[in-house]
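Trainee: Could you take one part of this structure and examine it closely, beginning with a single side chain at the surface and working from there to the packing around it and elsewhere?

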Amino acid sequence: MQIKDKMQPSIVKNTISLLFSKLVPSLVLTIINIVYSRYLTKDDYGMYQTIFTYLNIFVVISTFGLTRYILSFGSLYQYRPLLRVKLLSVIFIITLLPIVLYLQFTDSTLSVTSLTLFVILLLSQSLYLVQEANVLSFEKNKLLIFPNLIYALLLLACHILLLYIGYSIERCLLALIAVSVIRNVGVAYYIKNEVQISTYLSSIKEVDQLIWFGINDVLQIMTKWIDKIILILLLSAADYAVYFNGTYEIPLIGMGLSAFQSIITARSAKADATNESNIALFGSSALFMSGILFPLFGICFFFAHEIILLLFGEKYVFSAELFAITSLLIPMRICNYTVLLQIKSKGNLILIGALLDFVVAVVLMFLFYPIWGLKGLALAIVIATYVQAAFYLFNIVFIYRSGWGTILPWLKLVLRFSIVILSFFSLRLVLGLQTDRFSVIILSTVLFVFLLIGFNFKSLSWKQLFRS
């Protein structure tokens, strides 16, 4: 209990800085998606989301586990500049070449100009992820806030401007490249002024773990997006737009997972970290995230229809059922299940879990698609992800020689989840005949906020929170 109390202010402070640096760009992208889904044709919007789907997938492949490696074994600034350049060059050459070949031979909708611009954007975004990981490894998360704030404002301005001067995918890519480069320059400037390294290592350490992390990250992202990868090739841009909006992940989820993974990994890599402190940090962060994600699941699952209509309009009404299915992933995302294995350099087990996730997802997709169509694909991803999480938890218990009750506060989690289900189910019954969409959204949001505050009122130091 003392370990949790000592670490909580540091967790809150670092988490707030990291979440805020990610929050504004994520919210801006959500706003852009809403605006573009309403003002662009289904074909143009589908193509726009195809580009972002490629970017989300390939940015993980192009960095090939490097961000996870940096958080586990220290910043790249511990190596000599020439060694850094060599490492990045080798990784990008090895990863970008197959990406370019894949796009060239599978996607006929991308022109040579669009493909070239996309690769430049991908390289810029990949460099940012590396820079972000370096900042987090030094636990200087506040350095990311201002560059990301400027990035978000420029991103929104460029997208709005495109609607006035005339939207095209080439113009959009040019704008994204310009904004991404500006953010990279800003982060590099802050790192140069804030971080001082007196001695350099002459060789890369734990190269085998970098390879394990890379293979695992590739499998993880392929599994997470396997349905979209297949559907991009099979569906028209308009039909893909419907599926994308239905399976759109709430930005807060990925941000929270990323924040806690980064902070726990960086904290656990310190010399004074112990198994007890790592497990305590893992459990307390999961409980904190449950206070946010459990209520979020309630509103997304029980009020999926109203949310989709409010955000994307009537033409995407068929996305609502897909949105409800994929919301089933939200409760299990209260923690990152690989982080404790990553600390122990168990890259092989992380890889096995990724393979298990991939195989289960593909098998279930073949079984479910003929029966339920697109809903079957979404359900297959949900089930496969839960199987993978169970595999990781079993290995965490075994490796840390700890009981199941020690890893996570199961009783509190079950109690919270039960309260959420009962509360939102009751509200859904009461509002079942209500036809005013806005009043339904307002009342469900009030319940969401009430539960969020209730769950987290005692787990946070509110004075520390507002000071941060």
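Mentor: Phe-450 counts as exposed because its relative accessibility is 61%; exposed means over 50% relative accessible area, buried means under 20%, and partly exposed lies in between, with a 1.4 Å probe and protein chains only. The model is predicted, and local features therefore require pLDDT of at least 70, side-chain atom pairs count only at pLDDT 80 or more, and totals for chains, interfaces and linings use all residues. Residues are numbered from 1 along each chain as its sequence is written, and side-chain values use heavy atoms, with hydrogens and water left out.

Phe-450 belongs to helix 20, which covers residues 437-456. Helices here are DSSP runs of H or I with at least four residues, strands are runs of E with at least two, and both are numbered from the N terminus. The C-alpha atom of Phe-450 is 9.1 Å from that of Pro-295, although 155 residues separate the two along the chain.

Two packed helices are described by the angle between their axes and the distance between the axes. Helix 20 packs with helix 19 (residues 410-430) at an angle of about 160°, the axes being 11 Å apart. Axes are lines fitted to C-alpha atoms, for helices over the stretch in contact, and the angles between N-to-C directions run from 0 to 180 degrees. Helix 19 is therefore roughly antiparallel to helix 20; angles over 145 degrees take that label, those under 35 are roughly parallel, those from 65 to 115 roughly perpendicular, and the rest oblique.

On the helix 19 side, the contact involves Arg-416, Ile-419, Val-420, Ser-423, Phe-424, Leu-427 and Arg-428, which meet Val-440, Leu-443, Ser-444, Leu-447, Phe-448, Leu-451 and Phe-455 of helix 20. Contact means heavy atoms within 4.5 Å. The residues of this contact divide into 10 nonpolar, two polar and two charged. Ala, Val, Leu, Ile, Met, Phe, Trp, Tyr, Cys and Pro count as nonpolar, Asp, Glu, Lys and Arg as charged, and the others, Gly among them, as polar.

Helix 2 contributes Ile-51, Tyr-54, Leu-55, Phe-58, Val-59, Ser-62 and Thr-63 to the contact, while helix 5 contributes Phe-118, Leu-121, Leu-122, Gln-125, Ser-126, Leu-129 and Val-130. The residues of this contact comprise 10 nonpolar, four polar and no charged.

Ser-126 of helix 5 (residues 112-137) is buried because its relative accessible area is 1%. Residues up to four places away in sequence set aside, Ser-126 touches Val-59, Ser-62, Thr-63 and Phe-92.

The aromatic side chains can be treated next. Rings of Phe, Tyr and Trp (its six-membered ring) pair if their centres lie within 6.5 Å, and planes under 30 degrees apart count as stacked, over 60 as edge-to-face and the rest as tilted. By this rule there are 22 aromatic pairs. Tyr-48 and Phe-52 form a tilted pair, because their ring centres are 5.0 Å apart and their planes lie at 50°. These two residues are four places apart in helix 2 (residues 42-63) and are therefore separated by about one helical turn. Both Tyr-48 and Phe-52 are buried. Tyr-54 and Phe-58 form a stacked pair, because their ring centres lie 5.6 Å apart and their planes at 10°. About one helical turn of helix 2 also separates Tyr-54 from Phe-58, since they are four residues apart. Tyr-54 counts as buried at 4% relative accessibility, and Phe-58 is buried at 7%. Elsewhere, ring pairs join Phe-294, Phe-297, Phe-301, Phe-302, Phe-417 and Phe-425 into a cluster.

As for the setting, the protein has 21 helices and zero strands, and buried residues account for 54% of its 468 residues. Among contacts between residues at least 6 apart in sequence, 84% join residues at least 24 apart.
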